[in-house]
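I opened my notebook to look at rings and pockets in one protein model. Here is what I looked up, entry by entry.

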Amino acid sequence: MPFPQNAPSVDDLLNLPLHEIALLSPDLLAEMQREISAASKQMKTVSARFNAALEVRYAPRAAEERRVSGKDTGTVRFEDGDCTIVADLPKRVDWNQAKLASMVARIIEAGDDPAQYVDIAYKVPERKYGAWPDAIREGFEPARTVRTGTLSVTLIPAEEQQ
C-alpha cells in the first residue's frame, strides 16, 4: 500500500513525540509495525551471526586465559591489537529439585534450619490454581498477587483479515 512521501520512516520514530505517532493512520501504523518487526528479526539474525564470529575468533584465546588463571568460568581480559577483549563465560547452575527437597528434609530431621543453607520458594502454577475448588482458592487468596504484563497491540489491515 503506497503511503504519502511525508510519512515518517522507522528511523523517524526515534525523534517523533509519542502523541504524534499515536495520531498516524491505522494503515500507516500497521505498515510501520510490519517494518519494525522485519527489522527486528533481521537485527537478531545479524547480531547472532556477529556474536558467533566473535566466538570463533576469541573463544579459544579466552579459554586459554581462563585455564592459565585456573578458572572454568568468569571474565578474562586480553589484548588484540589496540583493543582490550573482555570475554565473559557465565556460570549457570541448575539444582535437582527432588534431591534438594530430600536434603531439606534431612536438615529438618537433624533439627537444623534449612533456611541457613537454601532459599525456598513456593510457586503455584496458575492453571492448577484455576482448577482448585473455591474453598481451597479462598484460603490461598491472601498469598496471591496478580500483576499485569506489558500490553501488546497488533494491527491487522482489513485485506489481511480475509
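**Entry 1: the largest pocket**

I began with the lining of the largest pocket, which is made by Trp-95, Gln-97, Leu-100, Ala-101, Val-104, Val-118, Asp-119, Ile-120 and Ala-121. I kept in mind that this is a predicted model. Next I looked up the volume of the largest pocket, and it is about 300 Å³. Then I sorted its lining by class: seven residues are nonpolar, one is polar and one is charged.

**Entry 2: the second largest pocket**

I moved on to the second largest pocket, which holds about 250 Å³ of space. Its lining consists of Leu-54, Glu-55, Tyr-58, Ala-59, Ala-62, Arg-66, Ile-85, Val-86, Ala-87, Asp-88, Leu-89 and Pro-90. Which elements give two or more residues to this lining? I found H2 and strand S2 (83–89). H2 supplies the largest share of the lining of the second largest pocket, with six residues.

**Entry 3**

How many aromatic pairs does the structure hold? I noted three. I checked Tyr-58 and Phe-78 and found their ring centres 6.1 Å apart; their planes are at 50°, so I wrote this pair down as tilted. I also wanted to know where the two residues sit in the chain. Tyr-58 belongs to helix H2 (residues 26–69) and Phe-78 to strand S1 (residues 74–80). They are 20 residues apart, and their pair links distant parts of the chain. Are these two residues buried or exposed? Both Tyr-58 and Phe-78 are buried. I was pleased to meet Tyr-58 again here, as I had already listed Tyr-58 in the lining of the second largest pocket.

**Entry 4: a ring cluster**

My next stop was Trp-132 and Phe-140, whose ring centres lie 4.7 Å apart. The planes of these two rings are at 50°, so this pair is tilted. Phe-140 is partly exposed, with a relative accessible area of 40%. I then saw that Tyr-129, Trp-132 and Phe-140 form one aromatic cluster.

**Entry 5: a charge over a ring**

Last, I asked which residue lies over the face of Tyr-129. My note says Arg-137, at 5.9 Å from the ring centre. Tyr-129 is one of the residues of the aromatic cluster in my previous entry.

How values were computed
Residues are numbered from 1 along each chain as its sequence is written. This is a predicted model: local features need pLDDT of at least 70, side-chain atom pairs count only at pLDDT 80 or more; totals for chains, interfaces and linings use all residues. Side-chain values use heavy atoms; hydrogens and water are left out. Rings of Phe, Tyr and Trp (its six-membered ring) pair if their centres lie within 6.5 Å; planes under 30 degrees apart count as stacked, over 60 as edge-to-face and the rest as tilted. Helices (H or I, at least four residues) and strands (E, at least two) are DSSP runs, numbered from the N terminus. Buried means under 20% relative accessible area, exposed over 50%, partly exposed in between (1.4 Å probe, protein chains only). A charge sits over a ring if NZ of Lys or CZ of Arg is within 6 Å of the ring centre and within 35 degrees of the ring normal. On a 1 Å grid over the protein atoms alone, a cavity is a set of points where a 1.4 Å probe fits but cannot get out, and a pocket is an open set with protein on both sides within 12 Å along at least five of seven lines; lining residues have an atom within 4 Å of a point. Grid points are joined across faces, edges and corners, and a volume is the space filled by probe spheres set on the points. Ala, Val, Leu, Ile, Met, Phe, Trp, Tyr, Cys and Pro count as nonpolar, Asp, Glu, Lys and Arg as charged, and the others, Gly among them, as polar.
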